[in-house]
There are 2 protein chains.
Amino acid sequence: MNSFTEENYLKAIYKLVQLSGLAVSTNAIAEKVNTSAASVTDMLKKLSDKKLIHYKKYQGVTLSSKGEKAALKIIRKHRLWEMFLVDILDFKWDEVHDIAEQLEHVNSDKLIEKIDKFLNHPIVDPHGDPIPDANGKLNNPKSHLLSFFNKNDVCIITGVVDHSTSFLQYLDKSGIALGHEIKIKDIIKFDRSLKITINKGNNVFISNDVAKNILAINK
Amino acid sequence: MNSFTEENYLKAIYKLVQLSGLAVSTNAIAEKVNTSAASVTDMLKKLSDKKLIHYKKYQGVTLSSKGEKAALKIIRKHRLWEMFLVDILDFKWDEVHDIAEQLEHVNSDKLIEKIDKFLNHPIVDPHGDPIPDANGKLNNPKSHLLSFFNKNDVCIITGVVDHSTSFLQYLDKSGIALGHEIKIKDIIKFDRSLKITINKGNNVFISNDVAKNILAINK
DNA sequence: ATATTATTTTAGACAAGTCTAAAATTTATT
DNA sequence: AATAAATTTTAGACTTGTCTAAAATAATAT
């Protein structure tokens with residue numbers, strides 16, 4: 001088993017590699033895990049000894065397949081817990097990160113699979129990020145802004161860009177919520193506003209400004 | 001904030017004091033937290049410096065009010081999580097301890113109050129142990145052995161004494177579970193075995209040996 | 001191509017929690 | 001009450017993860 005701290009380094013490295021596509025620097029990791037470059041170097045040696053990363057002095061780091069698997073497992077747990085906190089316990093989207101940061105280190109495969117089942121196997125978390133499956137596979141269903149979809153497209157709401165209370169309340173009132181199915185009925189050329197159908201039921205109009213703050217994936 | 005390790009020591013001391021009513025020995029703590037007596041002494045100094053315990057060399061330990069409050073908070077979290085695991089995620093009574101042992105250290109007052117609310121403010125956990133309230137008060141609704149009730153008494157199952165898998169499986173099979181209402185229909189003089197009605201439904205016979213391992217509170 | 005600057009690594013130290021072995025203290029035995 | 005046995009504490013060391021300051025390496029600028 002990897003320690004709490006090791007897990008945080010692996011997660012940080014995974015995210016930085018994802019972002020840049022390149023080997024990541026000691027400094028970048030130091031900033032991400034909020035520590036000194038010297039401490040990072042120490043830890044990199046340790047992770048390298050454990051074959052969790054590919055590391056050559058001064059040359060940056062990438063994850064080994066073993067390391068990536070470990071990172072994806074933590075990310076899976078993080079995102080499922082976030083989902084649980086928002087969907088089941090009614091936390092706001094912006095309150096859950098720090099708590100999930102702790103819960104992600106709880107070690108029980110059975111627990112996380114039960115949470116997954118309880119949540120009905122969600123594929124994206126409340127921020128629209130995809131949830132790796134139990135085998136650590138990321139079936140990257142990339143979220144797009146709702147404004148990028150075309151007429152007659154059907155998609156699932158996966159998240160928002162603007163997390164402000166006023167925006168979330170507006171969405172609530174309009175019946176737009178995470179996991180709902182949206183069909184683009186029409187796109188008004190004049191102002192790029194949308195006529196959409198929610199869950200095969202109500203038709204609603206939303207402005208382009210709103211559409212640019214909603215994330216969704218193709219169904 | 002107290003560390004993970006400090007929390008475990010406080011919890012151990014609390015339980016040992018509860019059990020004996022006396023100051024607890026270094027050795028007893030060492031056994032409980034599975035470490036050496038020397039390590040315990042080191043930690044006792046630290047907890048004493050933090051005013052969490054009353055400690056005189058060679059004289060044993062009790063919790064200060066500050067320490068007791070901290071211990072009760074951890075115990076509250078532990079028992080609520082156990083309740084959650086059993087009631088919501090369908091874990092068996094005997095599977096939840098190790099997981100709750102980890103979850104109890106997650107630090108978020110808001111989280112634990114939401115779990116409490118979600119569970120509808122339970123007063124006993126799946127093992128029949130009382131759950132301290134949000135202020136760390138233990139409103140001890142005293143449980144009694146089922147063998148102590150009288151004919152025609154009605155009570156609610158709150159826990160078990162024997163936590164073995166075989167016993168819990170026997171209870172499952174007999175339809176006896178936490179929170180169920182039991183009416184004592186008859187007490188057989190010869191062997192003190194009981195005829196009981198479960199949830200106003202099935203009648204079941206249980207031996208005195210079984211009744212002595214079930215806890216319940218008067219309804 | 002060399003000097004300057006920025007980044008990364010090493011060296012040595014510290015805090016938390018642990019250990020074993022030895023010393024101090026308490027408890028039990030005769 | 002003196003000795004033996006058990007318990008507890010101290011001393012010194014180890015591990016993990018951290019730090020600062022200095023040295024090594026790489027990147028940038030002239």
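## A pair of strands in chain A

In β7(A), A:Val204 is the bridge partner of A:Ile196. Strands here are DSSP runs (E) of at least two residues, helices are DSSP runs (H or I) of at least four, and both are numbered from the N terminus. This is a predicted model, in which local features need pLDDT of at least 70 and side-chain atom pairs count only at pLDDT 80 or more, whereas totals for chains, interfaces and linings use all residues. Residues are numbered from 1 along each chain as its sequence is written, chains are lettered from A and ligands numbered from 1 in the order in which they are written, and side-chain values use heavy atoms, with hydrogens and water left out.

Select β6 (residues 194-198) of chain A together with β7(A): the two strands run antiparallel and are joined by four bridges. Strands count as paired if DSSP finds at least two bridges between them. Next, select the turn: β6(A) and β7(A) form a hairpin with four residues between them, and A:Asn199 in this turn has a positive phi of about 50 degrees.

Now show the side chains of β7 (residues 203-206) of chain A, which alternate. A:Val204 and A:Ile206 point to one face and are buried (under 20% relative accessible area with a 1.4 Å probe, protein chains only; exposed is over 50% and partly exposed in between).

## The surface near DNA strand C

Select DNA strand C and the 22 residues that surround it, the closest being A:Tyr55, A:Lys57, B:Ser3, B:Thr35 and B:Lys46. A residue is near the strand if one of its heavy atoms lies within 4 Å of it. Of the atoms of DNA strand C that come within 4 Å of the protein, 77% belong to sugar and phosphate.

- A:Tyr55, with a polar side-chain atom 2.5 Å from a phosphate oxygen.
- A:Lys45, with a polar side-chain atom 2.9 Å from a phosphate oxygen.
- A:Asn27, with a backbone N or O atom 2.9 Å from a phosphate oxygen.

Which element supplies the largest share of the surface near DNA strand C? Colour α3(B), which contributes five residues.

## A cavity in chain B

Finally, select B:Lys77, B:Trp81, B:Leu103, B:Val106, B:Ser108, B:Leu111 and B:Ile112, which line the largest cavity. α4 (65-87) and α6 (109-118) of chain B each give two or more residues to this lining.

Conventions. Polar contact = N/O pair within 3.5 Å; in protein donor to acceptor, adjacent residues only side chain to side chain. 1 Å grid on protein atoms, 1.4 Å probe; cavity = no way out; pocket = protein on both sides within 12 Å on 5 of 7 lines; lining within 4 Å.
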